[in-house]
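Dear colleague,

My notes on what was found in it follow directly after.

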Amino acid sequence: MDKNRIKKLCESVLDISFSGTTICDFDMTPTFKYDESLSKWVPDSFALFVQIKSPLERETYRPTTVQTTLEGVLGFECCVDFV
């Protein structure tokens, strides 16, 4: 999975849903699940860790609101934090 491409998708989603928001830090980490038939951990998906800077009020746009939006559009588990 191309990290830069996923970051650009995140930026597009944030720009459409939360105008004026910028990504300060972005990381993408692979996740794994245990396969009982193979008795080992196998690749499953990715988790996104995003730190954003926003002119929006925290009371209106909480990290969980942004997180839910990103997860719904991208399909990856996301952890969002405001800087």
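This is a predicted model: local features need pLDDT of at least 70, side-chain atom pairs count only at pLDDT 80 or more; totals for chains, interfaces and linings use all residues.

I begin with a loop residue: S39 lies in the loop between β1 (22-35) and β2. Helices (H or I, at least four residues) and strands (E, at least two) are DSSP runs, numbered from the N terminus. S39 has a positive phi of about 55°, although it is not a glycine. For context, most residues other than glycine have a negative phi.

Residues are numbered from 1 along each chain as its sequence is written, and side-chain values use heavy atoms, with hydrogens and water left out.

Overall architecture

The secondary structure of the protein comes to two helices and three strands, and from the N terminus on the elements run α-β-β-α-β. Taken along the principal axes, the C-alpha atoms fill a box of roughly 50 × 25 × 20 Å. Of the 83 residues in the protein, 29% are buried; buried means under 20% relative accessible area, exposed over 50%, and partly exposed in between (1.4 Å probe, protein chains only). Among contacts between residues at least 6 apart in sequence, 55% join residues at least 24 apart, where contact means heavy atoms within 4.5 Å.

The helix pair

Two packed helices are described by the angle between their axes and the distance between the axes. Helix α1 (residues 3-17) and helix α2 (residues 63-74) pack at an angle of about 125°, and their axes are 10 Å apart. The axes are lines fitted to C-alpha atoms, for helices over the stretch in contact, and angles run from 0 to 180 degrees between N-to-C directions. That angle makes α1 oblique to α2; angles under 35 degrees count as roughly parallel, over 145 as roughly antiparallel, 65 to 115 as roughly perpendicular and the rest as oblique. The crossing of α1 and α2 is right-handed, a crossing being left-handed if the near helix is turned anticlockwise from the far one by less than a right angle, and right-handed if clockwise.

On the α1 side the contact is made by L9, C10, V13, L14 and S17, and on the α2 side by V66, T69, L70, V73 and L74. These residues divide into eight nonpolar, two polar and no charged. Here Ala, Val, Leu, Ile, Met, Phe, Trp, Tyr, Cys and Pro count as nonpolar, Asp, Glu, Lys and Arg as charged, and the others, Gly among them, as polar.

Aromatic pairs

Rings of Phe, Tyr and Trp (its six-membered ring) pair if their centres lie within 6.5 Å; planes under 30 degrees apart count as stacked, over 60 as edge-to-face and the rest as tilted. By this rule the count comes to two aromatic pairs. The ring centres of Y34 and W41 are 5.4 Å apart and their planes stand at 70°, so this pair is edge-to-face. Y34 is partly exposed, at 38% relative accessibility, whereas W41 is exposed, at 58%. W41 lies in strand β2 and, leaving aside its neighbours within four places in sequence, is in contact with F32, K33 and Y34.

F46 and F76 also form an edge-to-face pair, with 6.0 Å centre to centre and 85° between the planes. F46 lies in strand β2 (residues 40-53) and F76 in the loop between α2 and β3 (77-82), so the pair ties together parts that are 30 residues apart in sequence. F46 is partly exposed at 21% relative accessibility, while F76 is buried at 12%.

Further residues

E71 lies in helix α2 and is partly exposed, with a relative accessible area of 27%. Beyond its neighbours within four places in sequence, E71 is in contact with F76, E77 and C78. The C-alpha atoms of E71 and A47, 24 residues apart along the chain, are separated by 9.7 Å.

C24 has its place in strand β1 and is partly exposed, at 43% relative accessibility. With the neighbours within four places in sequence left aside, C24 is in contact with Q51, I52, K53 and V83.

Yours sincerely
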